[in-house]
Amino acid sequence: MSSPSLTDAGVRPAGPSDLPAARRVLLAAYREYAATLPPAVFGRYLTDILDVESRAGTGEVLVAEHGGRVVGTVTYYPDAADEGFGWPAGWAGLRALGVEPRARGLGIGRALLEACLERALAAGAPVICLHTAEFMTAAVAIYEAAGFRRDPANDFDAAGRLALGGVRPVPILAYRLDLVPHHQNDEAHALETRSGGRLAQRIRQRFPTTHPTRSTR
């Protein structure tokens, strides 16, 4: 795991001593869905979300601080296939983004997302992807504002994946942001108009503005 070093966004790689705080944040952020999900699904889902140590072994756990306190976390995957959800090898991915409820509205979620995007761009990943759900409205708003778009081919049903017979389906929605050059113009414009320009600037710095072809996907 990388040694912690604070970035200008207040986001840094987590050290071993940060993992309990990351679990605390995730528990506070995700337990609100207990009333939304079927109990059998929620229990298994929460156990998986709180397993920060396992994700630290395959991805990079990041934490965000505010006022000297860890208030947000996300796991970045250089290779999204390591998540185990069927993503194509070579894509970058992120999972388990959570912000402590009392720290919401401070831009913590966006800072964590930007940190993942910076890593994906630096690595030359063609796509960065994630899974979320319709009931996670705040998260969906952040992702869509950052330029992520639906990728239904990688959706799945959480209840079915857990082999929970007789439990209503729980659709898990796939999102992707294409980072390859021929998407640059469309994606950069969307990012600039929706996220204040910072993400768009990073896309433009990464790719020259010489590929006007519109994506067909």
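Which residues in α1 meet which residues in α2? Select Leu 26, Leu 27 and Tyr 30 in α1, then Phe 42, Tyr 45, Leu 46 and Ile 49 in α2; these two groups are in contact, where contact means heavy atoms within 4.5 Å. The residues of this contact comprise seven nonpolar, no polar and no charged. In this classification, Ala, Val, Leu, Ile, Met, Phe, Trp, Tyr, Cys and Pro count as nonpolar, Asp, Glu, Lys and Arg as charged, and the others, Gly among them, as polar.

The model is predicted: local features need pLDDT of at least 70 and side-chain atom pairs count only at pLDDT 80 or more, while totals for chains, interfaces and linings use all residues. Residues are numbered from 1 along each chain as its sequence is written, and side-chain values use heavy atoms, with hydrogens and water left out.

**The helix pair**

The axes of α1 and α2 are 10 Å apart, and the two helices pack at an angle of about 150 degrees. That angle makes α1 roughly antiparallel to α2, a term for angles over 145 degrees.

**Arg 24 and Glu 100**

Next, select Arg 24 and Glu 100, whose side chains form a salt bridge with an N to O distance of 2.4 Å. A salt bridge is a side-chain nitrogen of Lys or Arg within 4 Å of a carboxyl oxygen of Asp or Glu. Arg 24 lies in helix α1 (residues 19–30) and Glu 100 in the loop between β4 (92–99) and α4 (108–123), so the pair ties together parts 76 residues apart in sequence. Arg 24 is partly exposed at 30% relative accessibility, whereas Glu 100 is buried at 7%. Buried means under 20% relative accessible area, exposed over 50%, and partly exposed in between (1.4 Å probe, protein chains only).

**Extending the selection**

Arg 69 belongs to strand β3 (residues 69–77), 31 residues from Glu 100. Arg 69 is partly exposed, at 32% relative accessible area.

Finally, select Glu 32 and Arg 104, a salt bridge with the closest N and O atoms 3.0 Å apart. Glu 32 sits in the loop between α1 and α2 (39–49), and Arg 104 in the loop between β4 and α4, 72 residues apart. Across the whole structure, the search finds 13 salt bridges.

Note on methods:
Helices (H or I, at least four residues) and strands (E, at least two) are DSSP runs, numbered from the N terminus. Axes are lines fitted to C-alpha atoms, for helices over the stretch in contact, and angles run from 0 to 180 degrees between N-to-C directions. Angles under 35 degrees count as roughly parallel, over 145 as roughly antiparallel, 65 to 115 as roughly perpendicular and the rest as oblique.
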